[in-house]
Amino acid sequence: MRAFLGRAALRGLLGGPRAPGPSPLRHSSGGPSRTQERTLVAVKPDGVQRRLVGDVISRFEKRGFKLVGMKMLQAPESVLAQHYCDLRGKPFYPALISYMSSGPVVAMVWEGHNVVRTSRTMIGDTDAAEAAPGTIRGDFSVHISRNVIHASDSVEGAQREIRLWFQSCELVDWPDLGPHSSVSPA
C-alpha cells in the first residue's frame, strides 16, 4: 500500500485528529460514494443520572454510526449559553440553563451517512407525550423538561455545536471496518 500512496495520502487514510464537520473522505461499498456527516449527541443530566448512557450508545452503534468523540463533563454555563443562544428570550431559558448545569452531561460526536437527520428521528419528539415508542425519548423521557438527550438539528448546527463542545484534537478519525461499515477492508 505504501508503494502506491504518498505519505500525506497514507496519513489521511490511517486517520488522526482533524477539524470537526463532515468528513472529507468518501467511503464506498461498490455503490455511489457518500460523504459522511458528523453530529453532536449529548445525554443530558437526567439521562446520565438514570444511567441511560449505555442504552444511547448501543442504539447509535447498532444503527451503524461511528463514535469519533466522547466526554463526560459538567457543562460550563458559558458553553450552555452559546449552545442555547437561540432560546435566550424564552421564559424557560433560565430553568434550562440551571437544569443542564445541574449534573454531568455525556457529549458525543457520531459520524455516518445522513447521521444528522437519522439521529433526530432516533431520538424522537422533544415532548415526551408526543415521542413515539421505539425512539429514545419515547422509551425513556418522562417530561418535556427532562427529555434525556440532545441531537443537532441540521448539518450547519452540528458543525457549530461540535466546535463548541469539542476541540479538534478530541475527535478521532479512525477506519471503520465493522459490520455496518461502508469502508471496504484492504
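Lysine 66 is placed over the face of tryptophan 174, 5.1 Å from the ring centre. Lysine 71 is likewise over the face of phenylalanine 166, at 4.8 Å from the ring centre. A charge counts as sitting over a ring if NZ of Lys or CZ of Arg is within 6 Å of the ring centre and within 35 degrees of the ring normal.

The model is predicted, so local features need pLDDT of at least 70 and side-chain atom pairs count only at pLDDT 80 or more, while totals for chains, interfaces and linings use all residues. Residues are numbered from 1 along each chain as its sequence is written, and side-chain values use heavy atoms, with hydrogens and water left out.

## Overall layout

The chain has eight helices and six strands, where helices (H or I, at least four residues) and strands (E, at least two) are DSSP runs numbered from the N terminus. Along the sequence these elements follow the pattern α-β-β-β-α-α-β-α-α-β-α-α-β-α. Of the 186 residues in the chain, 44% are buried. Buried stands for under 20% relative accessible area, exposed for over 50%, and partly exposed for values in between (1.4 Å probe, protein chains only). Among contacts with a separation of 6 or more, 74% are between residues 24 or more positions apart; a contact is a pair of heavy atoms within 4.5 Å.

## Aromatic residues

Two aromatic pairs are present in the structure. Rings of Phe, Tyr and Trp (its six-membered ring) pair if their centres lie within 6.5 Å; planes under 30 degrees apart count as stacked, over 60 as edge-to-face and the rest as tilted.

| Pair | Centre to centre | Angle between planes | Class |
|---|---|---|---|
| Phenylalanine 60 and phenylalanine 65 | 6.3 Å | 45° | tilted |
| Phenylalanine 60 and tryptophan 110 | 5.2 Å | 25° | stacked |

The pair of phenylalanine 60 and tryptophan 110 links distant parts of the chain: phenylalanine 60 belongs to helix α3 (residues 53–62) and tryptophan 110 to strand β5 (residues 104–112). These two residues are 50 residues apart in sequence, with their C-alpha atoms 8.0 Å apart in space. Phe60, Phe65 and Trp110 make up one aromatic cluster.

Phenylalanine 60 and phenylalanine 65 are both buried. Phenylalanine 60 has a relative accessible area of 0%, so it counts as buried. Tryptophan 110 is also buried, with 0% relative accessibility. Neighbours within four places in sequence aside, phenylalanine 60 contacts Val41, Phe65, Trp110, Ser119, Met122, Ile136 and Ile149.

## Helix α6

Helix α6 spans residues 115–123, and its residues Val115, Val116, Thr118, Ser119, Met122 and Ile123 are buried. An α-helix has 3.6 residues a turn, so residues three or four places apart point the same way. Arg117 and Thr121 are exposed, on the other side of α6.

What do the buried residues of α6 pack against? Their partners are β3 (37–43), α3, β5, α7 (136–140), β6 and α8. Just after α6, glycine 124 has a positive phi of about 90°.

Histidine 150 is part of strand β6 (residues 149–151). Is histidine 150 buried or exposed? Its relative accessibility is 13%, so histidine 150 counts as buried. Leaving out neighbours within four places in sequence, histidine 150 contacts Leu40, Val41, Ala42, Lys44, His83, Arg137 and Glu161.

Serine 152 sits in the loop between β6 and α8 and is buried, at a relative accessible area of 0%. The side chains of serine 152 and threonine 39 are joined by a polar contact of 3.5 Å. Such a contact is a pair of N or O atoms within 3.5 Å; within protein, one must be able to donate a hydrogen and the other to accept it, and residues adjacent in sequence count only if both atoms are side-chain atoms. Not counting residues up to four places away in sequence, serine 152 touches residues including Val116, Arg120 and Glu161.

Valine 155 is in helix α8 (residues 155–165). With a relative accessible area of 25%, valine 155 is partly exposed.
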